[in-house]
Structure formats: structure tokens, C-alpha cells
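Here is a short walk through one protein model. Keep the coordinates open while you read.

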Amino acid sequence: AGLSEAEQVRVIVSLLIAENERMRLDSTDLVKNLEDSRKQIETLRVSLTEAQEHVLQDPLTGVGNRRAFDMAMQKAINEASQEHAPLTLVICDIDHFKRVNDAFGHQVGDEIIKMFSRVIEAGIRDGDTVVRYGGEEFAIILPKADQEAAKHVAERIRRSFENKKLTIRETNQKVGQLTASFGVAQFRPGDDASALVQRADTKLYDAKSAGRNRVAVFGASD
């Protein structure tokens with residue numbers, strides 16, 4: 001109260017400047033905290049995505065596992081039903097795998113399974129899904145592909161795998177020719193995943209019974 005008007009104005013301006021600086025510093029801290037929080041959220045999001053992928057991934061081959069198959073199959077069936085589009089399932093496995101596994105050991109057996117998975121991945125289209133269904137057995141989900149197209153895919157994979165030559169590096173021992181058999185079945189309206197799997201599995205059994213190293217397709221007469 002004892003200050004002159006000019007001094008009062010000077011004090012008020014000084015107080016406003018000081019308050020403005022305090023608010024600026026608070027805003028800077030807020031922005032920094034928000035940026036730190038954004039980075040933490042992004043890190044957590046990436047970690048969660050990686051964890052989810054790990055849960056759906058076969059540890060040996062890197063392709064999907066049975067849980068991934070169940071999810072992908074249901075999604076494919078839903079889309080095929082809604083869009084009235086074809087959908088075909090291929091189930092395949094390595095012929096006489098137990099014999100090879102017993103003769104050369106589980107480590108060589110694992111390498112053969114990994115090689116088979118790579119051959120399958122190289123033979124399918126973008127948008128197709130390959131999973132390790134169990135042991136040396138794999139399933140290939142082919143959206144928007146009818147049985148004839150799926151048969152061509154399976155034949156391409158079969159020939160490619162048949163032409164592979166595997167030699168054990170440590171002993172230079174040749175494993176010999178490896179082959180695989182394939183069962184093909186197309187989605188029918190009203191099918192659930194188990195019905196489609198059963199038909200493809202039936203044709204895989206037929207391919208095995210007919211001599212192996214072949215593709216069997218579920219036809220109208222089946």
C-alpha cells in the first residue's frame with residue numbers, strides 16, 4: 001500500500017512474469033511426462049504384441065501352432081460364409097517320418113520338420129496360413145481358393161519337398177529322399193472347423209494308403 005503506482009505496476013508485472021515462467025516450466029514438465037508415458041505405453045504395446053505372437057507360434061518352426069490354427073480357421077470360415085467365397089484346407093505330413101527319426105535321431109528329425117515348414121511357406125500365397133498341426137503334420141488354410149487351386153499348391157509343395165536333398169553335416173551322411181502326403185478338402189456351407197479338418201484328414205489317410213507322396217482331394221463321390 002505504501003508503494004507508488006509505478007512501483008505497484010512494476011511489482012505486479014514481476015509477479016505475472018514469475019507466474020508465467022512457473023506455468024511454462026509446469027507445461028514443459030507435463031509435455032515431458034506425457035512423452036515419457038507415450039513411450040512407456042508403446043513399449044508395453046510392443047511387448048504385448050510379441051507375447052501374443054509367441055503364444056501363437058510353434059517354437060521349432062516359427063509358423064503358427066494349434067491355437068493359431070483354431071483362430072485362423074474360424075476367421076477364414078466366417079469370411080468365406082459372409083462373402084460366399086471358396087476356402088480350402090490342406091493337411092499334410094512327412095512320409096515315414098518315424099523311420100527317419102529313429103534312424104538319424106531327433107535332432108535330424110527336427111531339422112527335417114523345419115525344412116518342410118520352409119518348403120510349405122515358400123509354396124503358398126500371401127494371405128494363406130500355415131501351422132504346425134502336430135509332430136510332423138502341418139495344416140495350410142487357403143482362403144479364396146477352390147479345391148483345384150489348392151491341389152496345385154499342394155502339388156507344388158510336394159514336388160519341391162521331394163527334390164530336397166538332406167545331408168548330415170557332421171558325418172556327411174545322406175538322409176535320402178524325403179516325401180510328403182497331402183489331403184485337400186473345400187469348405188461347404190454349414191461346415192465348422194472340425195468338419196473341414198475331418199474331410200482333409202480323411203484324404204490325407206487316403207493319400208497314405210495309396211502309396212504316399214501324393215495329393216488326394218475330397219471329391220463329390222466321397
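The paragraphs below go from helix packing to salt bridges and then to a surface patch.

The model is predicted. Start with helix H4, residues 106–123, and helix H5, residues 147–162. Their axes lie 9 Å apart, and the packing angle is about 140 degrees. Angles over 145 degrees would count as roughly antiparallel. H4 and H5 are therefore oblique to each other. Their crossing is right-handed.

Each of these helices also carries a salt bridge. In H4, lysine 114 and glutamate 111 are three residues apart, about one turn of the helix. Their side chains meet at 3.0 Å, N to O. Lysine 114 is partly exposed, at 23% relative accessibility. Glutamate 111 is partly exposed too, at 36%. Elsewhere, shared partners join Asp93, Asp95 and Lys208 into one salt-bridge network.

The salt bridge count comes to 14. One of them links aspartate 58 to arginine 132, with the closest N and O atoms 3.3 Å apart. Aspartate 58 sits in the loop between H1 and H2, and arginine 132 sits in strand S2, so the pair ties together parts 74 residues apart in sequence. Both residues are buried.

Val9, Val13 and Ile17 make a nonpolar patch of about 250 Å². Valine 9 belongs to helix H1, residues 5–55. Its relative accessibility is 46%, so valine 9 counts as partly exposed.

How values were computed:
Residues are numbered from 1 along each chain as its sequence is written. This is a predicted model: local features need pLDDT of at least 70, side-chain atom pairs count only at pLDDT 80 or more; totals for chains, interfaces and linings use all residues. Side-chain values use heavy atoms; hydrogens and water are left out. Patches are made of residues with over 30% relative accessible area and no salt bridge: like charges are joined within 9 Å, nonpolar side chains (Val, Leu, Ile, Met, Phe, Trp, Tyr) within 5 Å. Accessible areas come from the Shrake-Rupley method with a 1.4 Å probe; for residues, only the protein chains shown count as cover. A salt bridge is a side-chain nitrogen of Lys or Arg within 4 Å of a carboxyl oxygen of Asp or Glu. Helices (H or I, at least four residues) and strands (E, at least two) are DSSP runs, numbered from the N terminus. Buried means under 20% relative accessible area, exposed over 50%, partly exposed in between (1.4 Å probe, protein chains only). Axes are lines fitted to C-alpha atoms, for helices over the stretch in contact, and angles run from 0 to 180 degrees between N-to-C directions. Angles under 35 degrees count as roughly parallel, over 145 as roughly antiparallel, 65 to 115 as roughly perpendicular and the rest as oblique. A crossing is left-handed if the near helix is turned anticlockwise from the far one by less than a right angle, and right-handed if clockwise.
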